4 protein chains.
Amino acid sequence: MNKPDQPLYYADYLQLDRLLSSQAPRSGEHDKAAHDETLFIVVHQVYELWFKEILHELNSVIDMFGKNYVNEKEIGIAVLRLGRITEIQKLLIDQLRVLETMTPLDFLEFRDLLHPASGFQSFQFRLIENKFGMNPEQRLLFNKEVYYAHLSPSHQDLVKRTEQEPSLFKVVESWLERTPFLEFQGFKFWTHYRRAVEEMLHADRENILKNPISSDEEKEQQLRELHVNEEYFIALLEEQKHNELVSKGHRRLSHRATQAALLIELYRDEPILHIPFRLLTVLTDMDEQFTAWRYRHALMVHRMIGNKIGTGGSTGYNYLKATVDKYKVFSDLFNLSTFLIPRSKLPDLPEEVRRNLGFYY
Amino acid sequence: MNKPDQPLYYADYLQLDRLLSSQAPRSGEHDKAAHDETLFIVVHQVYELWFKEILHELNSVIDMFGKNYVNEKEIGIAVLRLGRITEIQKLLIDQLRVLETMTPLDFLEFRDLLHPASGFQSFQFRLIENKFGMNPEQRLLFNKEVYYAHLSPSHQDLVKRTEQEPSLFKVVESWLERTPFLEFQGFKFWTHYRRAVEEMLHADRENILKNPISSDEEKEQQLRELHVNEEYFIALLEEQKHNELVSKGHRRLSHRATQAALLIELYRDEPILHIPFRLLTVLTDMDEQFTAWRYRHALMVHRMIGNKIGTGGSTGYNYLKATVDKYKVFSDLFNLSTFLIPRSKLPDLPEEVRRNLGFYY
Amino acid sequence: MNKPDQPLYYADYLQLDRLLSSQAPRSGEHDKAAHDETLFIVVHQVYELWFKEILHELNSVIDMFGKNYVNEKEIGIAVLRLGRITEIQKLLIDQLRVLETMTPLDFLEFRDLLHPASGFQSFQFRLIENKFGMNPEQRLLFNKEVYYAHLSPSHQDLVKRTEQEPSLFKVVESWLERTPFLEFQGFKFWTHYRRAVEEMLHADRENILKNPISSDEEKEQQLRELHVNEEYFIALLEEQKHNELVSKGHRRLSHRATQAALLIELYRDEPILHIPFRLLTVLTDMDEQFTAWRYRHALMVHRMIGNKIGTGGSTGYNYLKATVDKYKVFSDLFNLSTFLIPRSKLPDLPEEVRRNLGFYY
Amino acid sequence: MNKPDQPLYYADYLQLDRLLSSQAPRSGEHDKAAHDETLFIVVHQVYELWFKEILHELNSVIDMFGKNYVNEKEIGIAVLRLGRITEIQKLLIDQLRVLETMTPLDFLEFRDLLHPASGFQSFQFRLIENKFGMNPEQRLLFNKEVYYAHLSPSHQDLVKRTEQEPSLFKVVESWLERTPFLEFQGFKFWTHYRRAVEEMLHADRENILKNPISSDEEKEQQLRELHVNEEYFIALLEEQKHNELVSKGHRRLSHRATQAALLIELYRDEPILHIPFRLLTVLTDMDEQFTAWRYRHALMVHRMIGNKIGTGGSTGYNYLKATVDKYKVFSDLFNLSTFLIPRSKLPDLPEEVRRNLGFYY
């Protein structure tokens, strides 16, 4: 675009000629231009530019973690890049406020001209969902159609291909499974964790039974609660139970990856586990922000076009609302909090192990 | 507090002695202080201070609109005060980010010491809900108990009393019902609106039937959609149908108030209707922000304490999620978008009427 | 772009083919692509898209106010559109956080390849400054060159032309000067305001002199302060003094427009003055946000490229910092607070006048 | 406050009785309560609560780094706690929007009653400045008085004491000076860095001289720029020059600490330097946010009370503006960007050294 040795001009570098001539309001073509259609186009174009950037970051991190061996250096870089995505996500949410300065009545001035185009057709957003790790089986049908039904053939291909490719979820799961620290120089994390849980639950039971103040009825109630609690831990501790939950779709992360995630959370202050801990945190942040975005987006749609039930039996608003929770990718990381136990209940790592989890010089 | 003629000191004015000595971490009393408990206390105290301010504004606006005659001047003031609430609401949401810098494991260091205290016990938040206009019948039971079950007796009294008192919803509804403009100097809004709707639907039907390209099957499908649309408008146009929906809980705003809200939305650029339009907008904003807050709060709870099912059969997270949509107060204003028709389909107001809706000098 | 009767496709409507192929990192051309250059391009493209939207809104408001008679309806619309700009401005500021996820070292990987392109060359930003109302005389030279020195010839033309065209500042000033309410049905605002100020200053003097507690020294000090205060008000009350300040560049808004702005601020609760009051508020908001943006931008530049003094004797950071305050457009509206007097010191409007400032039905 | 074994109540835990009864508007005492004074009090109380929390975090990090040996584990914890402060800082800035919903005219209703109390008297904010590391010599006089002149005697003592105590700046500087990696297993960072700089500057000179296209005049100009650049690097490379700049107040960080900071920035991807890199980043973030806060605060003051020149010759607004840049604490970290050189120009670390900067297992 720029001849060599010619000084670079800002407008050329950013291709502003193309960029700033890519807004073609439909209302202008037909009749009187609707003032707010320009806003509508610009807002959506900004979304798509951010989506491109998110994909750029996602792809780079998937590449790093997709290798059989993840260079220690790259984990820190990955955390920074995913952190960048969370900063963009905050903008995606805040940006809805700008769109909401357009009132429903103003939208009505050109809404019908856009039919049937809609945000459902953002193929980049579908790519992001798949690259992030949405399970195709999680997806809801909309009016009995798959989510890519209304994409152009080439966009459909792109999207379907990412269903097969490694996602961030998958590569992180594999990386977790490879963690060497679950059994490390004679220290077996799972054995220690299991024992700590059992002791904690045992002590809880003793406390209930020996409490001189509480009535029999209260004790029974507390024991029932304890039982639920125990069942919960058993479903984690027994690999088979865990796998059953996976097959039913109540868990997704493999048993070994779950163990590794728990280890990282519990021993996160050991220098070698600190960056991995930041990684798990930023994944949870991303998931939370996507989920918050879905919710705020659904609210905005409700406000903008109401809640008219279509012949398919569902409304845009209700469909969007239904996807909000269902489309979380790292739910298992959220649920991990259920299985944390206070640090005081965990053994310190053996000195030898600790030394190896720190830096050595 | 301050003797007359004594110069006022910032710290005395703000009562900082009391304010800054009101953080008493529980973890310090028992054993080793948990560093993050101070954050936990401060965040919640900040919430409560903002709640006090929100109540201050809500009360003042309810007072203004609770009178039989609302001074024209006061509508502008009310919009500014409610706008202030929306600015506070944005902070309430953003503030969750500060709380989330506390990890679940850090929370675990003192969580059990707080039992059974919880945000469920914020009586000020319950007052806000009721003052804003939450219908007691909308409320969900939590573990079979009413929402104020765990408040102190005096806080219960405060909360229950607000269930009986005029809410923002109620006073705004009454004010809408009193609008003189529905029938104004011979101009009957509802007659015009009905006619415009009927013409629009008729034209839609003609367009479907006469379309030379579409197949019979397509036409049938389109006619079915149109029929749903017609039913929707009928439910608005016929007072009796509307009242049936109200009695079933699908609508809340009275038929007359709904008409007035629609008039304001459609003729919002007339000077006299402009500030009322801003009022409806800010009410929708508030509702949207409360709803977004509920959702983000539920996400944070999920992240912080997981999703363990209690003996009552529900988890905090699931309960909170269930309240999110159900607790909207001005849903009818959101749904209003369904009934808007393009300005071009509406008659201009008669010159005489318009002159009276503008300023006169 | 779209054949008539062909269903519109989201990606075609937004011209995503062009939009998403307009990122051409320079680092890729030469050698190894620098990962963060994509971010750098996308962030700047998003800025330019928002700038286009801001210009769209500014132009529409300048058109409305540029007419000899501003339709009352349009003031409300103008406030909404300028309010939209302030929402965009918040994003412009928050967006810097995304850019700051790129570290200075990462920027260094491709920074030299961009030479001499820079944000100084954003012609759209210059258009915004001029349309908003920046006075060409306010501008600072950078390395002895005018601000448009490095724009392409056609962009220079565009920018220079806007220096001549009506700006938001100019059209609002004219509109203020035309206000009929300064002398309205026998009520002369300026006479009343002057009298209220004089009484206030007289009472202040009496209070100082009669205070039995304060020493002579204290009294002298207080009288000196009062004198400064009096001088300040005189510079407002005497048109000639005001005009002197204008000619020295200490004030910009004409005397009559200043009076009108003061009237609007002081009687803002009168329905007819309420929307004009919102207009003055949103203009101040815009100015504040632009100023805050300049400051945050300067900080980011400091952080990203340090503070090396160039041969021209100035650094980018120092230049940017120097523009921050100097480039405010509506300073006079900020300074207006100096001249407000408590409402209790102002006469109520005569009943007849008030009735005409309200709605009439 | 809570008897043992009694269930904890949310309102008791947070001491809501005291908290919510600590708002005593002055306007109510005298005459008619000014509606917005409650907002004014609440906003300032929220600021003070956040200040308490910031001090809690600052103190804990100063304690960690104040020891002769900083546990590797604690650096990660420090980064998280300082990161929490930056999240709070964002709220401090955004919160100004809430205060700005109070118009200057509304403030005038009670402003005089507060005299002479003012935010200048926030002793907690002064403690934060000192703990963060503000140099007492950086401070400006306001009307010829020191910054703590109007504090109560006990608050003055608190504030003056922190001028003597270790600040975050000081303990971080000492920690940087102790870095073992500047000379590590035969690898001398400074020697390598110096050589890389010299080669870079030499190559630049060659490029200028040998360029066949540029005129003599252009070459001279480019050589002058290069010379400035060289001087800049010399002032860093020569310890004596650096110390001169320190004694003149142009630098603050010691020469050895500056070297260490540069090492960390340049080799930040080495696992052992990654968390230290995050530490330097979060310190810069904090400084940027404080600075941005000062600026936004000054703008708000301008808007709220105008810019009347006092007898002392300065206005609140001008004083506040003057402090903005002057009060930066970690300017040297911002300026560090000036001295970065592209990674490609730096030697890779010797394999043996790298292995020791990574994890070992």
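Angles under 35 degrees count as roughly parallel, over 145 as roughly antiparallel, 65 to 115 as roughly perpendicular and the rest as oblique. The model is predicted: local features need pLDDT of at least 70 and side-chain atom pairs pLDDT 80 or more, while totals for chains, interfaces and linings use all residues. Residues are numbered from 1 along each chain as its sequence is written, with chains lettered from A and ligands numbered from 1 in written order.

**Exercise 1.** Classify the packing of α5(D) and α14(D).

*Solution.* Start with the helices, which are DSSP runs (H or I, at least four residues) numbered from the N terminus. In chain D, α5 covers residues 72–99 and α14 residues 271–305. Next, take their axes, lines fitted to C-alpha atoms over the stretch in contact, with angles from 0 to 180 degrees between N-to-C directions. The angle is about 15° and the axes are 9 Å apart. Therefore α5(D) and α14(D) are roughly parallel to each other.

**Exercise 2.** Describe the side of chain C that touches chain D.

*Solution.* Begin with the contacts (C-beta atoms, placed from the backbone, within 7 Å). Here 37 residues of chain C meet 37 residues of chain D. Then look for the main contributor: α14(C) gives the most, with 11 residues.

**Exercise 3.** Work out how chains C and D are related.

*Solution.* Superpose the copies by least squares on C-alpha atoms of residues with pLDDT of at least 70 in both. Finally, the same surface serves both copies, since 100% of the contact residues of chain C recur in chain D.

Definitions and conventions. Two residues are in contact if their C-beta atoms, placed from the backbone, lie within 7 Å. Helices (H or I, at least four residues) and strands (E, at least two) are DSSP runs, numbered from the N terminus.
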